[in-house]
Amino acid sequence: MTGNPKAHAVREAMTRAARDPVYFVRLLFGAEPSEQQAAILDVIVEPGAHVSVRSGHGTGKSTTLAWLMLWFLTFNDNSRIPCTAPTAHQLFDVLWPEIKKWHAKMPPAMRRLIQIGADRIVYTGKGSDRFAVARTARKESPEALQGFHAENLLFVVEEASGVPQEIFEVAEGALSTPGARVIMIGNPTRTEGYFYDSHHKMRSEWRTFHLSCLDSPHVDPSYPATMERKYGKDSDVYRVRVLGEFPKASADALIPLGDLEAAVGREIKQSSETLRVCGVDVARYGDDASAVVVRQGNLITYAKDWYGLDTMETAGQVHELYKQKQFDVACVDVIGIGAGVYDRLKALKVPCAEVNVAEASAFSRKFHRLRDELWWRVREFFVEHLGGILPDAGAAQDLIAELSTQKYKIEPVSGKIKAWSKDEMKKEGLPSPNLADALCLTFSDHTVQRAKARRRGTSARAKRQWIA
C-alpha cells in the first residue's frame, strides 16, 4: 500500500458509507440503529425506492429521517429533499431540531459543509448543488411536493396519515419521477387516504414497514403498560400509539382519532382579544381527576388534571391559573361537589359561570340534555376541522385520548343523541373523560349565540361564529 494509510482508511470508510446508510450512522454518529431503523435505511438506498412506515410513538421515526437526510445530502450531488408534514410544528419543532441534533455530532470538517437554516438545509461543498426544504402540507395550497427537479430526489413525508389527499394528488407526477425516492412515515391515525392506501390497496407499489412500541428498544416498557391500563388493549388509542396499527374506528365512537390528531399544531388565526374560557370539571369520586381545559376561540391552549384534591384545593389550583393570566372566565360544572368549587372561586373574585350539564338542552328535539349538546359541539369542532390544539397545551395527548374513546348512541324511540355517561364509560373499562368534559364546558357560554346561528342557517360561517 502506498501513501498515507490513515487517509486511505478514511477514503474506504467514506466510500462504504456512501452506499450503506446504516454504516454511515455507526461511523459518523457512533449510534446503533434498531433492527427496525436499519431495515428502513437499507431499503431507501435503492434509487426509486418507495417506502411507507406506520409506527407507534417513540420508536425513533424522526431520528431515522434525520439520519437519512444527512446521509443523502452528504453523498448525492445535484440532490433535492422536499420535506412536508401536516403542520409547521411537526417540521420545525420536531424534525428540524432532530436534524440539528445529529448534525452537531458530525466530524467538524463534514459538519461545516452542511448549513441548517429556518426552513432550508444546504450542502455548501464546492461545485455542489444540494438542499432540503420544508413545506407545510395545506389543503388550500397543495403544491408542497410539486416543482422539484434534480438528478437525485428524496421526498420526505412526516406524519403522513394527516397529510391531505389533495397534496398527494398534485404531487403524483413528482413522486413517480424515475429514480426518485419517497419515504412516508407516521402514526396511522386515519383509515382513508394515500398513506392508508399505501399499506392496503397500493401495497404492491410500496415497501411497507411496521414499527410497534412493543418491538422497539427506544420505547420505555412502562409506556405500553400505562397505555393498556388507561385505555385498554382494544382501544384505538392503544392500537395507534402503541401497536402502530390503523384504528378500528368503532361505529359508536363520537370523534374519530384521526380528526383529533390532525388538530395538534393546526395553524389558527384569531384575535388575541378573543375570550379565553376555562372549563372546570370537578372530581366526583376518589379515582377520578379534577380537570381544566382552556379554549381561546378555535384554539385549545391549556389542559391539566389533578388527582386527590378536595374542593378547596381544586379551587386554589384554578385560582392560581387565573392569577397567571391563563384564562379570562371559568365555566364550572356545579353538579354535586362542583358547587363548592364555584362558590369558592366567586369568593376569590374569579370571573366564573355555573353550568349544570344535566339540564335540558336548548335543542330538545335533538339532545336529551345539555351535556349531550356540548359533546356534539366538540365533535363538530374537530370533525369539521375548525379547531386546533397547541402542541404544548399541557395534558393535550391525554385530552385527545379521552375524546377518542367517548362513545354515543341514538335513542331508538326518540331519535335523540346521547353521549355515554362517565359511569357507562367506566363499566366498559374506558377512562373517565374528565379533561374531555372540561373542554365541553368551554362551549356552554355560547348556547344563545348558537341558537341564533341555527335560526340563520347551518352554514360553516354560522358555525364559526358561535365557536369564535
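How many bridges join strand 11 to strand 14 (residues 388-389), and do these strands run parallel or antiparallel? Strand 11 and strand 14 are joined by 2 bridges and run parallel, with Leu299 having Gly388 in strand 14 as its bridge partner.

## Basis of the description

This is a predicted model, in which local features need pLDDT of at least 70 and side-chain atom pairs count only at pLDDT 80 or more, while totals for chains, interfaces and linings use all residues. Residues are numbered from 1 along each chain as its sequence is written, and side-chain values use heavy atoms, with hydrogens and water left out.

Helices (H or I, at least four residues) and strands (E, at least two) are DSSP runs numbered from the N terminus, and two strands pair if DSSP finds at least two bridges between them.

An open sheet of 8 strands has mixed pairing and the order 3-4-5-2-6-7-1-8. Strand 3 (114-116) and strand 8 (207-211) each have a single partner strand and stand at the edges, so one side of each is left without a neighbour in the sheet. From one strand to the next, the twist averages 15°. Strand 2 (residues 79-85) and strand 5 (residues 130-136) run parallel and are joined by 7 bridges; Thr84 stands opposite Arg135 in strand 5.

Helix 5 (residues 88-103) lies across strands that include strand 2, strand 5 and strand 6 (152-158), and runs at about 150° to strand 5; such angles run from 0 to 180 degrees between N-to-C directions, with axes fitted to C-alpha atoms, for helices over the stretch in contact. Helix 7 (residues 165-175) also packs on the sheet, where it touches strand 1 (50-55), strand 6 and strand 7 (181-186), and its direction makes about 155° with that of strand 6.

## Nonpolar cores

The largest nonpolar core has 47 residues, of which Phe24, Phe29, Val51, Met69, Ile81 and Ile183 touch the most other members; a core of this kind is a set of buried Ala, Val, Leu, Ile, Met, Phe, Trp, Tyr and Cys residues joined through side-chain atoms within 4.5 Å. Helix 4 (residues 61-75) gives the largest share of this core, 9 residues. Leaving aside residues up to four places away in sequence, the contacts of Met69 include Ile81, Leu95, Trp96 and Val156, contact meaning heavy atoms within 4.5 Å. A second, separate core of 42 residues includes Leu257, Val264, Trp375 and Ala419.

## Helix packing

The axes of helix 2 (residues 21-29) and helix 3 (residues 35-44) come within 8 Å and cross at roughly 125°. That makes helix 2 oblique to helix 3, since angles under 35 degrees count as roughly parallel, over 145 as roughly antiparallel, 65 to 115 as roughly perpendicular and the rest as oblique. Pro21, Val22 and Val25 in helix 2 meet Ala38, Leu41 and Asp42 in helix 3.

In helix 9 (residues 222-231), Pro224, Met227 and Tyr231 are buried, which is to say under 20% relative accessible area, where exposed is over 50% and partly exposed lies in between (1.4 Å probe, protein chains only).

## Strand 11 and Asp305

Strand 10 (residues 289-296) and strand 11 run antiparallel and are joined by 8 bridges, forming a hairpin with 2 residues between them, in whose turn Gly297 has a positive phi of about 60°. Asp305 lies in strand 11 (residues 299-307) and, at 22% relative accessibility, counts as partly exposed. Asp305 touches Ala289, Ser290, Ala291 and Leu435, not counting residues up to four places away in sequence.
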